[in-house]
Amino acid sequence: MDLFSLQGESGARSAKSESSEHAVMSLRDALRVVRHPLYLVQRDGDLVPQLGGAGSVQSCVGYAPACLPENLGDPSFCREIGIRYPYLGGSMAKGISSAAMAEELGRAGMLGFFGAAGLPIATVSETADRLKASLGDIPYGFNLIHSPHEPELEKELAELYIRKGVRIIEASAFLALTLPLVRYRLHGIKRADDGSIVTPNRIIAKVSREELAAKFFAPPPEKLLRALVENGSITAEQAELAAHVPLAQDVTAEADSGGHTDNRPAMALFPTINSLAARLERQYGYGCKLRVGLGGGVSTPASAAAAFAMGAAYIMTGSVNQACVESGTSDTVRAMLAGTRQADVTMAPAADMFEMGVTVQVLKRGTMFPMRAAKLYELYRAYGSMDEIPAAEREKLEKTMFLAPLEEIWRGTREYFLKRDPSQVERSERDPKHKMALVFRWYLGMGAHWAKDGVETRKMDYQVWCGPAMGAFNEWAAGSFLEAAAERKIVTVALNILHGAAHLTRANFLRSQGIELRLEEIAPQPLEIAQIKEYLC
């Protein structure tokens, strides 16, 4: 057996040898060399790990196959998307999932989504031009978030993606299917020379409920197809083709995540949606495979290994990426996230769906935003207008949250919506409760901006989207170079999660053969990217 020069816990070293045929190393080191099969050999009363071919192995009591990270998920997913690893960086609004993140993930053989939600159309357009120029044929994606209160914005974004040639979008927070979403998916649909149906645009839907997953896995609704034919977006022939393709071939089961979430447990959610995909694939008789990935709570090698063990086609990370140096947030927020534990998150009213009572998961440690946002929703429910709010309550709002008279906040809000969506102003003039909602939404929206921009005077009002996965990553990284926020680079984090998942998968293979393994012997530890590449190449 060949001897390997390995990167052990104490740095670069050569593996010791008992003979020219047997390399002796720690079990953790052997598990790390995921590109080679591993054998556990009984020798002088001890189990000794060996790497390489089986021909020289005697008294073998355990075996773990090679397990490359690129083989952990569904190979058809990576092949069709055009990426090496089954790893997606999910979209976080207001550009927190930045262009730099999409670029770094793309160049590393993964897929990154730009977080377009909440940004001006001009900014999204400029980013589309940037990614097209910097990545070329390397895959990247953009987010399209459901905007029930601003349908024109959703339509404008979908049209922008079509014009800019954005081929992959992540559809998130959808409560129902919309015309812009279907319009994007069906743009350019045609039948190829071999008779197959070609759909240039791909939707990867992020859902936390099986009824929504069923809608995305189904062909586009006939009602929306008719509307698209009537307005000239597609032809009648294209509408007929659309009846034979799913709106989304790939769906991410979103468990307990940061931002919009139903706090669903991954262990219950994923198998349900995965089973639904298999059933609907048979029902509709598609010429393509329906696939399910897992996001929410995935931030460590152990959680990634569990996702792939359940059959996830890919994994999607979110909260953990926000703490990386390439994210579009502030250093202050990155430092806050690096100190987060699993219990340091809670639910708070969402700015984009405030009136509906929808909530998002945010950081509570180091900020009063969740409590203050909940107070605003309580007042919104209790009163019909700002004028009805008791004077003492209103004064408290103006002094602690808004730091200005509410009417002054309204004047600025009114000017904003006159440019963005005049219909909101028209409605507020008819409905004082809607006016109150817009003013309260100002605080919720600004909380995210203050955090992103690192406004120190507003730190107590930061809205930081975050799930318990952040705390899990911090616990795993404690005591390593990744403990420091400044060391967290998006690809280093991603490769650690993937390589560690492959490492654990090999360990679990040994465990399934009745071999007792101690955690301290096998647990993956954070590795520098150069070390990981040595194990992979």
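**Entry 1: Ser299**

I looked up Ser299 and found it in the loop between strand 17 (291-295) and helix 11 (301-309). Helices (H or I, at least four residues) and strands (E, at least two) are DSSP runs, numbered from the N terminus. The model is predicted: local features need pLDDT of at least 70, side-chain atom pairs count only at pLDDT 80 or more, and totals for chains, interfaces and linings use all residues. Residues are numbered from 1 along each chain as its sequence is written, and side-chain values use heavy atoms, with hydrogens and water left out.

Is Ser299 buried or exposed? Ser299 has 0% relative accessibility and therefore counts as buried, a term for under 20% relative accessible area (1.4 Å probe, protein chains only). I then listed what Ser299 touches (heavy atoms within 4.5 Å): Val320, Ala469, Ala472, Phe473 and Ile497, leaving aside residues up to four places away in sequence. A polar atom of the Ser299 side chain lies 2.7 Å from the backbone oxygen of Ala469.

I next traced an open sheet of three strands, order 6-5-7, with antiparallel pairing; two strands pair if DSSP finds at least two bridges between them. Strand 6 (46-51) and strand 7 (60-64) are at the edges, each with a single partner strand, so one side of each has no neighbour in the sheet. On average, neighbouring strands of this sheet are turned by 25° against each other, direction ignored; axes are lines fitted to C-alpha atoms.

Strand 5 (residues 38-43) and strand 7 run antiparallel and are joined by four bridges. In this sheet I found Tyr39 opposite Tyr63 of strand 7.

Methods:
Buried < 20%, exposed > 50% of the residue type's maximum accessible area, 1.4 Å probe, protein only. Polar contact = N/O pair within 3.5 Å; in protein donor to acceptor, adjacent residues only side chain to side chain. Axes fitted to C-alpha atoms, helices over the stretch in contact; angles between N-to-C directions.
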